[in-house]
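Please open the model in your viewer and keep the selection panel at hand.

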Amino acid sequence: DEQLDLDDGHWEDIHVVTGALKLFLRELPEPLVPFSHFDKFIAAIKIQDPSLRGRCIRDLVLSLPPVHHDTMKVLFRHLCRVVEHKEENRMSVQSVAIVFGPTLLRPASEEASMAMHMVFQNQVVEHILNHYGYIF
């Protein structure tokens, strides 16, 4: 309900805007990838066959509830544009995946294997960025 004035000078710092976006996504009651899909995405990214892995991840994205799917499509399209400017902003696909992986895709309960999950969370985000056109 808060009215924001984006012309206010403190929004000029891209880190403030990015931090606000990450905070918004992190504080959602359920992440962009719903808890019910977490284990499925982790299992899919572990598939050794690249074409089978790609189809499985695409099918999982398509199976998301419409609000999650549509938001993911817009967000990843933007993140792909960020990566296109990696020479200026130093945000490669890997960097974006590290920043957004744990925010967009997390288990319902934090557990001991959190560090192991993080690797796979990042790989899922990286895969979606690298194959955006095929997935969406």
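Select H2 and H3 first: the crossing of these two helices is left-handed (a crossing is left-handed if the near helix is turned anticlockwise from the far one by less than a right angle, and right-handed if clockwise). Helices here are DSSP runs of H or I with at least four residues, numbered from the N terminus. H3 covers residues 50-62, and its axis lies 9 Å from that of H2, at an angle of about 165°. Axes are lines fitted to C-alpha atoms, for helices over the stretch in contact, and angles run from 0 to 180 degrees between N-to-C directions. The angle makes H2 roughly antiparallel to H3 (angles under 35 degrees count as roughly parallel, over 145 as roughly antiparallel, 65 to 115 as roughly perpendicular and the rest as oblique).

This is a predicted model, in which local features need pLDDT of at least 70 and side-chain atom pairs count only at pLDDT 80 or more, while totals for chains, interfaces and linings use all residues. Residues are numbered from 1 along each chain as its sequence is written, and side-chain values use heavy atoms, with hydrogens and water left out.

Now display the side chains between H2 and H3. His37, Lys40, Phe41, Ala44 and Ile45 of H2 make the contact with Arg53, Cys56, Ile57, Leu60 and Val61 of H3 (contact means heavy atoms within 4.5 Å). By class, the contact of H2 with H3 holds 7 nonpolar, 1 polar and 2 charged residues. Ala, Val, Leu, Ile, Met, Phe, Trp, Tyr, Cys and Pro count as nonpolar, Asp, Glu, Lys and Arg as charged, and the others, Gly among them, as polar.

Which residues of H2 are buried? They are His37, Phe38, Phe41, Ile42, Ala44 and Ile45 (buried means under 20% relative accessible area, exposed over 50%, partly exposed in between, with a 1.4 Å probe and protein chains only). Seen down the axis of H2, these buried residues fall within an arc of 160°, so they line one face of the helix; the arc is that of the directions from the helix axis to the C-beta atoms.

Next, select H4 (residues 66-84) together with H6. Their axes come within 10 Å and cross at roughly 155°, which makes H4 roughly antiparallel to H6. The crossing of H4 and H6 is right-handed. Here Leu75, Phe76, Leu79, Val82 and Val83 in H4 meet Val93, Val96, Phe100 and Leu104 in H6. The contact of H4 with H6 consists of 9 nonpolar residues, with no polar and no charged ones.

Leu21, Lys22, Leu25 and Arg26 in H1 meet Val99, Phe100, Thr103 and Leu104 in H6.

Finally, visit two loops. Leucine 28 lies in the loop between helix H1 (14-26) and helix H2 (35-45). Is leucine 28 buried, exposed or partly exposed? At 23% relative accessibility, leucine 28 counts as partly exposed. Draw a distance from leucine 28 to threonine 103: the two are 75 residues apart in sequence and 9.6 Å apart in space, C-alpha to C-alpha.

Arginine 90 is exposed, with a relative accessible area of 71%. Although arginine 90 is not a glycine, it has a positive phi of about 60°.
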